[in-house]
Amino acid sequence: MGVDVPNDKQIQYSLTYLYGIGLFTAREACDKLGIDPARQASDLSEEELSRIAALLERDYTVEGPLRRQVTQNINRLREVRCYRGIRHRVSLPVRGQRTKTNARTRKGPRKTVAGKKGVKDLR
């Protein structure tokens with residue numbers, strides 16, 4: 001799949017290094033193939049590794065195709081200019097989080113506005 005999975009870990013944890021494979025899916029794949037999920041990845045034979053790769057390729061969307069699919073979905077939302085697409089376009093939280101405070105990850109570093117604090121109105 002183009003990703004090096006660590007050999008010093010159990011196969012159920014090594015498979016989670018693939019994009020789109022979580023712990024549940026990794027265990028499910030091992031059960032389908034009759035492989036003990038607690039075995040070390042280095043103990044697997046070439047035939048077992050090829051069976052795992054074939055199963056993931058056939059039954060699951062992982063790595064490149066999944067990344068491409070997610071990108072296409074986001075681009076579709078942007079093109080139709082729906083609410084979620086607009087939020088993606090302007091780099092704001094998409095799923096309803098507050099933005100008055102606590103949105104620094106999406107908004108980036110603070111942009112200080114000069115003269116905002118401590119300005120006295122002399123009327």
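Here is a tour that starts with the whole chain and then moves to single residues.

**Before you click**

This is a predicted model, so a few ground rules apply: local features need pLDDT of at least 70, side-chain atom pairs count only at pLDDT 80 or more, and totals for chains, interfaces and linings use all residues. Residues are numbered from 1 along each chain as its sequence is written, and side-chain values use heavy atoms, with hydrogens and water left out.

**Stop 1: the whole chain**

Switch to cartoon view. The protein chain has six helices and zero strands; here, helices (H or I, at least four residues) and strands (E, at least two) are DSSP runs, numbered from the N terminus. Follow the chain along its sequence and you get the pattern α-α-α-α-α-α. The radius of gyration is 23 Å, well over the 14 Å that the globule rule gives for 123 residues, so the protein chain is more spread out than a compact globule. (That radius is taken over C-alpha atoms, and the globule rule is 2.2 Å times the number of residues to the power 0.38.) Zoom out and picture a box around the C-alpha atoms: along the principal axes, it is roughly 85 × 35 × 20 Å.

How much of the chain is buried? Of its 123 residues, 25% count as buried. Buried means under 20% relative accessible area, exposed means over 50%, and partly exposed is in between, using a 1.4 Å probe and protein chains only.

**Stop 2: the nonpolar core**

Now select I11, L15, I21, I52 and L56. These are the residues with the most contacts inside the largest nonpolar core, which has 16 residues. The elements giving two or more residues to this core are α2 (23-33) and α3, and α2 gives the most, with four. A nonpolar core is a set of buried Ala, Val, Leu, Ile, Met, Phe, Trp, Tyr and Cys residues joined through side-chain atoms within 4.5 Å. As background, nonpolar side chains tend to be buried together in soluble globular proteins.

Keep L15 selected and show what surrounds it. Not counting residues up to four places away in sequence, L15 touches I21, A26, C30, I52 and L56. A contact means heavy atoms within 4.5 Å.

**Stop 3: the cysteines**

Click C30, one of those partners of L15. Is it buried or exposed? C30 counts as buried, because its relative accessibility is 1%. Jump to C82 and you reach a partly exposed residue, at 25% relative accessibility. Don't go looking for disulfides: the structure holds zero of them, where a disulfide is a pair of cysteine sulfur atoms within 2.5 Å.

**Stop 4: R39 and E48**

Select R39, in the loop between α2 and α3. R39 is partly exposed, with a relative accessible area of 27%. Leaving aside neighbours within four places in sequence, R39 is in contact with K9, Q10, I11, L44 and E48. Try the distance tool on R39 and Q12: they are 27 residues apart in sequence and 8.2 Å apart in space, C-alpha to C-alpha.

Then hop over to E48, which is found in helix α3 (residues 46-59). E48 counts as buried because its relative accessibility is 14%. With residues up to four places away in sequence set aside, E48 touches I35 and R39.

**Stop 5: a charge over a ring**

What does the charged end of R67 sit over? It sits over the ring of Y19, 4.1 Å from the ring's centre. The rule here is that NZ of Lys or CZ of Arg is within 6 Å of the ring centre and within 35 degrees of the ring normal.

**Stop 6**

Pick E63, in helix α4 (residues 63-80). Phi of E63 is near 50 degrees, a positive value in a residue other than glycine. E63 counts as buried, at 11% relative accessibility.

Next comes R81, in the loop between α4 and α5 (83-89). Phi of R81 is also positive, near 55 degrees, and at 60% relative accessibility R81 counts as exposed.

**Last stop: R95**

Finish at R95, in the loop between α5 and α6 (104-107). R95 counts as exposed, with 78% relative accessibility.
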